[in-house]
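Subject: Structure for your review

Dear colleague,

Please find below the structure I am handing over to you. My findings follow it, and I would be grateful if you read them with the coordinates open.

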Amino acid sequence: MPVISAPEDFHVDDLYVDLRPSLDTSLYLKCEGFNFAGSIKLKAAASMIADAESRGVLTGDSVIVESSSGNLGVALSMIAADKGYRFLCVTDTRCNLVTRRLMEATGAQVHIVTEPHPETGFLGARLDHVRQLCASDDRHLWLNQHANPYNWLAHYRTTAPSIATHFPDLDVLFVGAGTTGTLMGCARYFKESGRPVTVVAVDSVGSVTFGGPPGLRMIPGLGAGVRPQLLDESFVDDVVHVPEVEAIRVAHRLATAGFLFGGSTGTVIAGASGWLAEHRPDGRATAVAISPDLGERYLDSVYQTNWVSDIYGAHALDRDPIRSR
Ligand SMILES: Cc1ncc(COP(=O)(O)O)c(C=O)c1O
């Protein structure tokens, strides 16, 4: 029986959903949404804060600042509340209301950037805002998830070894790419361990991370308008780009089987299913995909019919990409 006194001390690291009955895909989904922050970003947040504390740069006077599409912001809010630090999150209009309220409920300040940068999009505009905050007051401490090695190290030390323990015969691992912290931590771990695991990055169409053209993206967490500084493609075996509309259809399909996951989980599963159908059609590969969070935060977006048809068109609700393949 786990008994904790700090919210960041609890995380379910050994829960997998077998997707064969619900999606007819031979894939295990590692669920990272079962902790008090509700997402995988708890690991990166805890790791970056522990590093800043150990270097002595985070003090009682500091105000932690960070750019986040939401989940890291919630995790940092929670840890800051527990440890008595102040926290200011810079997000943008795509951050859902519940996520913003979660941050504010745990005492964080939230700045919302409303205008994307003409070239680097919302992420570029958020980063500009963070730089201005840091320049204006030296108590502001930017952890910078986009460049901080303690982001990927969190997954190198926890997520990847845990998957390796539970799946000694792992063939393929699918990881969504936001900051690429999860991707780089897992990819480095499996490459350095010498195990023959194929690591496939899953990105959204419209993300520039792997060199594609920029485009509209509305599902938070995955993809970037600025190439992530943590990314080293030499560790990644393959990349799949998924249109958001496919991600939404997969998320809906899973919801009808009773599993309500976040939009980026839909992206990762859609990418993984397509890749497996093309590269491992016999269905015998041992494959794992990582689910960053659960679906409740997306009830007013990904799971809202009007939101989906306004953004992607009414046809978005038509067809199930996996079933119709
Ligand atoms: C919902 C969701 N999916 C995917 C990711 C991507 O994780 P990473 O930043 O480690 O690439 C994030 C990160 O913010 C996220 O919040």
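Which of the 19 residues around the ligand come nearest? They are Asn-71, Gly-178, Gly-221, Ser-264 and Pro-292. Please bear in mind throughout that this is a predicted model.

**The ligand and its surroundings**

Two elements each give two or more residues to the shell around the ligand, namely helix H3 (71–83) and helix H7 (181–193). H7 contributes the most, with 3 residues. By class, the shell consists of 12 polar, 5 nonpolar and 2 charged residues.

As for where the ligand lies, domain 1 (7–36 + 149–317) and domain 2 (41–142) both supply residues to the shell, so the ligand is located between them.

**The two domains**

The chain is divided into domain 1, which covers 7–36 and 149–317, and domain 2, which covers 41–142. Their centres, taken over C-alpha atoms, are separated by 23 Å. The contact between the domains draws 25 residues from domain 1 and 24 residues from domain 2. On the side of domain 1 that touches domain 2, helix H6 (residues 149–166) provides the largest share, 7 residues. That side divides into 11 nonpolar, 10 polar and 4 charged residues.

**Helix H2 against H6**

How do H2 and H6 pack, and at what angle? Their axes are 8 Å apart, and the angle is about 115°. The crossing in which H2 passes H6 is right-handed. From H2, the contact involves Lys-43, Ala-44, Ser-47, Met-48 and Asp-51, and from H6 it involves Tyr-150, Asn-151, Leu-153, Ala-154, His-155, Thr-158 and Thr-159. These residues divide into 5 nonpolar, 5 polar and 2 charged.

**Helix H2 against H3**

Helix H2 (residues 41–54) also meets H3: the two axes come within 8 Å and cross at roughly 50°. The two helices are therefore oblique to each other. H2 passes H3 in a right-handed crossing. On the H2 side the contact is made by Lys-41, Leu-42, Ala-44, Ala-45, Ala-46 and Ile-49, and on the H3 side by Asn-71, Leu-72, Ala-75, Leu-76 and Ile-79. By class, this contact has 9 nonpolar residues, 1 polar and 1 charged.

**Helix H6 against H7**

The axes of H6 and H7 come within 7 Å and cross at roughly 55°. These helices, too, are therefore oblique to each other, and H6 passes H7 in a right-handed crossing. H6 brings Asn-151, Trp-152, Leu-153, Ala-154, His-155, Tyr-156, Thr-159, Ala-160, Pro-161 and Ala-164 to this contact, while H7 brings Gly-181, Thr-182, Met-184, Gly-185, Cys-186, Arg-188, Tyr-189, Phe-190 and Ser-193. By class, the contact has 11 nonpolar, 7 polar and 1 charged residues.

**In brief**

The ligand lies between domain 1 and domain 2, since both give residues to its shell.

With kind regards

Terms used. Residues are numbered from 1 along each chain as its sequence is written. This is a predicted model: local features need pLDDT of at least 70, side-chain atom pairs count only at pLDDT 80 or more; totals for chains, interfaces and linings use all residues. A residue is near a molecule or strand if its C-beta atom, placed from the backbone, lies within 6 Å of it. Helices (H or I, at least four residues) and strands (E, at least two) are DSSP runs, numbered from the N terminus. Ala, Val, Leu, Ile, Met, Phe, Trp, Tyr, Cys and Pro count as nonpolar, Asp, Glu, Lys and Arg as charged, and the others, Gly among them, as polar. Domain bounds come from an automatic or database domain assignment. Axes are lines fitted to C-alpha atoms, for helices over the stretch in contact, and angles run from 0 to 180 degrees between N-to-C directions. Angles under 35 degrees count as roughly parallel, over 145 as roughly antiparallel, 65 to 115 as roughly perpendicular and the rest as oblique. A crossing is left-handed if the near helix is turned anticlockwise from the far one by less than a right angle, and right-handed if clockwise. Two residues are in contact if their C-beta atoms, placed from the backbone, lie within 7 Å.
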